[in-house]
Amino acid sequence: MIYAYRQNGNAGCADSKPIVKNIEVKSFTHNPPKTGQDISKGGNMQLQDTKTLINLARSFSGEAQAGLRYQLTANIAEMQGYKILSDEIRKIAKNEVNHAKVFFNFLTQAGEFKNITYTAGFPYYGEGISGGLQSAVKSENDEADLYEEFASVAEEEGFTEIAEKFRLIAKIELRHADIFNYLSKSFTEDTLYKQPKPVMWVCSECGHIETSTEGWNVCPVCGSTQGFIELKLK
């Protein structure tokens, strides 16, 4: 990764286009404790040997990986001076980890599964802010579509609570995709801190406020760089 810093105090980077590859994972192993709470029954069906069991395991793995990928992108953004952009990415990363917990809880509360075997593809892409943001848009949209499918399967197998969770999380992922799409477009076009009409810009460090079409390069009060201005998310 090559880093470059503009003389006006803004941070930039030599980003490349995302390199997205799917690497198949054919097994997932965990040893959850027995809790005594059996939610593995849906109608007359057991979670054991169902498609929903596999879908929960895939979803847990996917969300856990997404959370870490977004954290890595956030770290790069912060290193390059985009503090608030980094914070916004970390918010979504936290959401993804909590989604993983939801799926993991369904698995652990259903009993003990020493080995859950499945085949799935997970995205791996090159470093960089623009690459990470662009790939995140696709990942979130793909997750939303997948969870709608998983919800239908869960309903067919009698797991209404699991189906509801899949659908609720699918809606969240669509919102995430919208946020990442806006951030990706704004970052690529260098319009994170530019608006067609005057807006209020707020320094996240000292609270300084100005109304204009473009945020300052350096805060006149505390000296923080542009990357510390609160973003205008749409």
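I began with strand pairing: two strands pair if DSSP finds at least two bridges between them. Helices here are DSSP runs of H or I with at least four residues, strands are runs of E with at least two, and both are numbered from the N terminus.

**Entry 1: ground rules.** I am working with a predicted model, where local features need pLDDT of at least 70, side-chain atom pairs count only at pLDDT 80 or more, and totals for chains, interfaces and linings use all residues. My residue numbers start from 1 along each chain as its sequence is written, and side-chain values use heavy atoms, with hydrogens and water left out.

**Entry 2: the hairpin.** I looked up strand β7 (residues 194–202) and strand β8 (residues 209–214), and I found them antiparallel and joined by five bridges. For M200 I noted T211 in β8 as the bridge partner. The two strands form a hairpin with six residues between them, and G207 in the turn has a positive phi of about 90°.

**Entry 3: the whole chain.** I counted four helices and eight strands. Read from the N terminus, the order is β-β-β-β-β-α-α-β-α-α-β-β. I took buried as under 20% relative accessible area, exposed as over 50%, and partly exposed as in between, with a 1.4 Å probe and protein chains only. On that scale, buried residues make up 44% of the 234 residues in the chain. I then turned to contacts, meaning heavy atoms within 4.5 Å. Among contacts with a separation of 6 or more, 72% come from residues 24 or more positions apart.

**Entry 4: the cores.** For me a nonpolar core is a set of buried Ala, Val, Leu, Ile, Met, Phe, Trp, Tyr and Cys residues joined through side-chain atoms within 4.5 Å. Which residues touch the most other members of the largest one? Out of 28 residues, they are Y70, L85, I129, F180, L183 and L192. I listed α1 (51–79), α2 (83–109), α3 (129–156) and α4 (160–188) as the elements giving two or more residues to this core. The core lies between domain 1 (47–190) and domain 2 (193–233), because both give residues to it; the domain bounds come from an automatic or database domain assignment.

I also followed L85 on its own. Setting aside neighbours within four places in sequence, I found L85 in contact with A77, I129, L183, F187, L192 and L231. There is a second, separate core of 23 residues, and L56, A57, F122 and A170 are among its members.

**Entry 5: F60.** I found F60 in helix α1. Is F60 buried or exposed? F60 is buried, since its relative accessible area is 18%. The C-alpha atoms of F60 and A100 are separated by 4.6 Å, although the two residues are 40 residues apart along the chain.

Entry 6: I took the expected span of a helix as 1.5 Å times one less than its number of residues. The 28 residues of α3 should span 40 Å, and the end C-alpha atoms are 41 Å apart, which agrees. After α3 comes G158, with a positive phi near 95°.

**Entry 7: salt bridges.** My rule for a salt bridge is a side-chain nitrogen of Lys or Arg within 4 Å of a carboxyl oxygen of Asp or Glu. How many salt bridges does this rule give? The count comes to eight.

- I saw D87 and K83 meet at 2.9 Å, N to O. Both lie in helix α2, four residues apart, about one turn of the helix. D87 is partly exposed at 25% relative accessibility, and K83 is partly exposed at 23%.
- I saw E148 and R167 meet at 3.6 Å, N to O. This pair links distant parts of the chain, with E148 in helix α3 and R167 in helix α4, 19 residues apart. E148, E155 and R167 are linked in a network of salt bridges.
- I saw D190 and K194 meet at 3.8 Å, N to O. K194 is partly exposed, with a relative accessible area of 37%.

Entry 8: I placed D190 in the loop between α4 and β7, and D190 counts as partly exposed at 33% relative accessibility. D49 is not a glycine either, yet has a positive phi of about 65°. I found D49 in the loop between β5 (45–46) and α1. D49 counts as exposed because its relative accessibility is 70%.
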